[in-house]
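Visitor: I'm new to this one. Could you take me through its salt bridges, slowly and up close?

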Amino acid sequence: MKNLLKKKSRIKVLLERSELIQFILCLLAMVLLCILNYLAAKWECSLAIPDTNSGLFYSLLLITFMAGNIVGLFLLLCILLVLKYAVVSTLTEWIRQFRAFNNYCYIPLTEDEVRGFSFASAREYFGHISQMLYYGGKDDEEKSAKYVQLKNADLNKMLAICLKVFPDNGTIFSLRYRDCKNICDDSEAFMQFLDFYHVSYESDEKYAPSANINKNGIVSLSVLNKDGRGIIWDGESFLLQHFSKDVVYRFGIETVSLHAFAELLSLDPSQSFISYHTLKCYGEKVAHLLKEKEIPTTFTLSRDDIDLMLREYSGFFTETTINGEKGILLSDQKNYDDMMDLLVQLCQYMPNLFLTAFSDKQAVRLLSNE
């Protein structure tokens with residue numbers, strides 16, 4: 001080992017990692033503690049019975065004081081540990097969190113501010129924001145839970161700035177899930193979009209990523225092929241596009257009935273009847289809403305479709321007439337949860353864009369007038 005320079009302190013390494021040294025130190029500490037305890041107990045005895053330093057009573061009193069000192073020391077150590085881990089650690093984290101909240105008020109959200117930092121990409125920009133909003137310690141195991149979270153409006157402003165400052169769609173599509181997960185917990189749809197993009201679409205040349213800002217200042221991201229298939233994040237929700245604009249999509253009475261009852265029961269659990277007239281109006285309204293989103297859709301309501309639905313879902317629906325209106329009656333044994341379980345099975349591969357149309361306020365309003 002000649003001519004080798006010492007890289008670390010030998011004493012520090014032995015204290016931190018040598019079990020033999022740690023055992024010897026513990027043993028010495030215990031011996032020293034016993035000696036100090038004995039001396040302290042003798043002093044206490046001299047205060048209690050000044051003129052005596054021997055005899056049975058003195059020995060019992062000495063043992064009592066020694067035991068009391070050990071109990072007192074134990075309680076003192078417990079108090080110190082509570083102060084360290086429950087008070088000092090918590091207070092320290094509160095101070096760091098206060099500093100992170102203060103940083104949150106100063107995150108760069110203008111073009112001039114972002115350009116002033118000379119960030120090379122959206123990843124560097126988001127990384128800097130993450131550092132500003134972190135309030136955990138250096139050795140904190142749960143670092144992901146120690147960040148001030150961005151609100152959706154903040155995220156939208158950051159993405160808009162990226163589009164204005166950086167080239168190639170603001171380099172937004174270079175962002176990875178791990179770049180954003182710590183500060184974007186409130187924007188799960190955005191995180192899901194990034195995850196889907198890098199897992200399924202990043203290396204596929206058929207899909208073109210694009211980012212846009214609408215007239216309301218909302219950023220939307222999409223990765224679509226020429227048929228309109230792919231993924232979309234519209235600023236709030238993540239959409240998995242399975243539709244093609246060259247195809248007219250059709251949905252029938254069973255889809256409309258299940259969604260109609262689910263929406264109706266969420267408003268009034270006692271409702272159990274919907275007329276065919278109301279179902280027709282509701283289905284046509286949903287189709288109209290989808291057409292407004294440039295998704296060619298049609299809804300059909302025929303007697304054959306009704307009969308087929310009543311056979312397939314006989315445990316749910318029966319046909320009846322109430323107040324002169326013919327329609328379908330929900331079984332007494334079925335409730336909202338049963339309806340949602342069936343909907344999950346039926347619509348698990350249906351694009352989110354379709355599902356949101358069924359719960360649109362304009363369409364649901366037609367059911368509430370039933």
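Guide: Let's go through the salt bridges pair by pair. This is a predicted model, where local features need pLDDT of at least 70, side-chain atom pairs count only at pLDDT 80 or more, and totals for chains, interfaces and linings use all residues. Residues are numbered from 1 along each chain as its sequence is written, and side-chain values use heavy atoms, with hydrogens and water left out.

The structure has seven salt bridges, each one a side-chain nitrogen of Lys or Arg within 4 Å of a carboxyl oxygen of Asp or Glu. Side chains of opposite charge can pair when their charged atoms come close.

Start in helix α4 (residues 111-117), where R115 and E111 sit four residues apart, about one helical turn. Helices here are DSSP runs of H or I, at least four residues, and strands are runs of E, at least two, numbered from the N terminus. The closest N and O atoms of R115 and E111 are 3.4 Å apart. R115 is partly exposed at 43% relative accessible area; buried means under 20%, exposed over 50%, and partly exposed in between, using a 1.4 Å probe and protein chains only. E111 is partly exposed too, at 30%.

Helix α11 (residues 276-292) holds another such pair: E284 and K280, four residues apart and separated by about one helical turn. Their closest N and O atoms are 2.6 Å apart.

Now for R176 and E202, whose closest N and O atoms are 3.3 Å apart. This pair links distant parts of the chain, 26 residues apart.

Finally, R303, D307 and E319 are linked in a network of salt bridges.
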